[in-house]
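Thanks for coming, everyone. Please have a look at the slide, and then I will walk you through it.

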Amino acid sequence: MAVAEPHVTAATPRRRGGGRILPAGAARWINWSLAGLLAVVTLVALLAPLIAPHDPLQPVGMPQLSPGQGGFLLGSDSIGRDILSRVLFGLRTSWFAALAVIASGLVVGGTVGLVAGTVGGFVDDVLMRVTDGFLALPAPVLAIAVVAALGPSFPHTLLAVAIVWWPFYARIVRGETRALAARPHVEAARLAGAGPFSIALRHLAPGALPAAVVTASLDIGNLVLTLAGLSFLGLGQPAPAPELGADSARNLQFLLQYSWIPVMPGLAVLLLALVGNVAGDAIRNLMDDR
């Protein structure tokens with residue numbers, strides 16, 4: 001005899017196997033809290049000049065002090081600069097650099113994807129082939145080439161990464177736009193005499209925006225790691241500017257004797273990437289619950 005399954009609403013969070021985990025209200029609160037980590041990190045980055053206890057560029061104590069010694073929470077580096085201050089300023093640089101690349105990717109990629117999905121036909125084919133060409137470019141190699149051509153500079157590194165990052169959003173927005181274009185409300189707008197520009201802005205772009213936002217939120221962690229890796233290779237700001245990847249690379253020689261000097265900036269990169277991934281997952285869950 002068949003046994004009826006207990007009633008579970010669509011909004012109730014489940015385990016992968018089908019069981020409940022948390023009530024819907026508690027899960028939503030947790031997701032909002034995790035998504036709020038993005039705002040917390042952004043606030044810390046904005047207030048870094050006020051939070052940092054010392055000038056990140058000037059020696060303010062004895063070299064190579066261990067964490068907590070001499071009033072330095074994270075210790076001091078090889079020339080006596082406060083590691084906490086350098087980490088805060090480096091976090092500020094990495095975080096806003098990642099947000100800048102994502103913003104440019106959303107604008108450029110979203111525009112390309114929206115035009116391709118709305119117009120279709122030959123225009124769609126051309127734009128998607130161009131997009132595929134940019135997708136084939138490896139970001140680290142392109143960054144090295146751009147820096148070699150234009151000179152070592154953090155803006156040049158950002159430009160190189162932004163060049164290869166927008167195609168992801170173009171693909172996503174184009175796919176969402178093509179799916180929305182077949183919906184009844186879009187067909188009704190066409191029959192009512194609305195032009196392609198009006199349909200794209202009023203009916204297609206709002207529907208494609210959530211998928212692009214979720215993708216962007218999940219990309220923050222990846223971008224932080226990418227930019228930190230490039231600066232670790234020497235493609236970031238020149239010394240003595242505080243930058244997380246570069247600070248780890250410059251002090252790698254002290255890893256065995258004074259491990260906190262290169263490790264603390266690396267832990268900050270780990271924290272930023274973790275916050276980006278966790279908050280991105282939370283934003284995706286919130287979008288799915290809508």
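Let me start with a term. A salt bridge here is a side-chain nitrogen of Lys or Arg within 4 Å of a carboxyl oxygen of Asp or Glu. With that in hand, look at Arg86, Asp247 and Arg250: a network of salt bridges links them. Keep that trio in mind.

Now, the ground rules. This is a predicted model, where local features need pLDDT of at least 70, side-chain atom pairs count only at pLDDT 80 or more, and totals for chains, interfaces and linings use all residues. Residues are numbered from 1 along each chain as its sequence is written, and side-chain values use heavy atoms, with hydrogens and water left out.

Next, the overall picture. The protein chain has ten helices and zero strands. Both kinds of element are DSSP runs, numbered from the N terminus: helices are H or I with at least four residues, strands are E with at least two. From the N terminus on, the elements read α-α-α-α-α-α-α-α-α-α. The C-alpha atoms fill a box of roughly 75 × 60 × 35 Å, taken along the principal axes.

How much of the chain is buried? Buried residues make up 40% of the 290 residues. Buried means under 20% relative accessible area, exposed means over 50%, and partly exposed is in between, using a 1.4 Å probe and protein chains only.

And contacts? A contact means heavy atoms within 4.5 Å. Take the contacts between residues at least 6 apart in sequence: 66% of them join residues at least 24 apart.

Leu223 gives us an example. Leu223 lies in helix α8, residues 196-232. Leu223 has a relative accessible area of 0%, so it is buried. What does Leu223 touch, leaving aside its neighbours within four places in sequence? Its partners are Ala98, Val101, Ile102, Val161 and Trp165. Ala98 is 125 residues from Leu223 along the chain, yet their C-alpha atoms are separated by 5.6 Å.

Back to charges. Side chains of opposite charge can pair when their charged atoms come close. The count here is seven salt bridges. I will pick out some of them.

One joins Asp124 and Arg174, with the closest N and O atoms 2.6 Å apart. This pair links distant parts of the chain: Asp124 is in helix α4, residues 121-135, Arg174 is in helix α6, residues 154-181, and they are 50 residues apart. Asp124 is buried, at 4% relative accessibility. Arg174 is partly exposed, at 22%.

Another stays within one helix. Arg129 and Asp132 form a salt bridge, with the closest N and O atoms 3.1 Å apart. These two are three residues apart in helix α4, so about one helical turn separates them. Arg129 is partly exposed at 47%, and Asp132 is partly exposed at 27%.

Helix α10 has a pair too. Asp281 and Arg284 form a salt bridge, the closest N and O atoms being 3.0 Å apart. They are three residues apart in α10, which means a separation of about one helical turn. Asp281 is partly exposed at 32%, and Arg284 is partly exposed at 35%.

On to the rings. Rings of Phe, Tyr and Trp, taking the six-membered ring of Trp, pair if their centres lie within 6.5 Å; planes under 30 degrees apart count as stacked, over 60 as edge-to-face and the rest as tilted. By that rule there are four aromatic pairs. Phe254 and Tyr258 have ring centres 6.3 Å apart and planes at 55°, so this pair is tilted. Phe254 is buried, at 14%, while Tyr258 is partly exposed, at 28%. Ring pairs join Phe254, Tyr258 and Trp260 into a cluster.

On a 1 Å grid over the protein atoms alone, a cavity is a set of points where a 1.4 Å probe fits but cannot get out, and lining residues have an atom within 4 Å of a point. Points are joined across faces, edges and corners, and a volume is the space filled by probe spheres set on them. There is one cavity of 30 Å³ or more. The largest cavity holds about 60 Å³.

Which residues line the largest cavity? They are Asp77, Ile83, Arg86, Asp247, Asn251, Ile261 and Pro265.

Key
1 Å grid on protein atoms, 1.4 Å probe; cavity = no way out; pocket = protein on both sides within 12 Å on 5 of 7 lines; lining within 4 Å.
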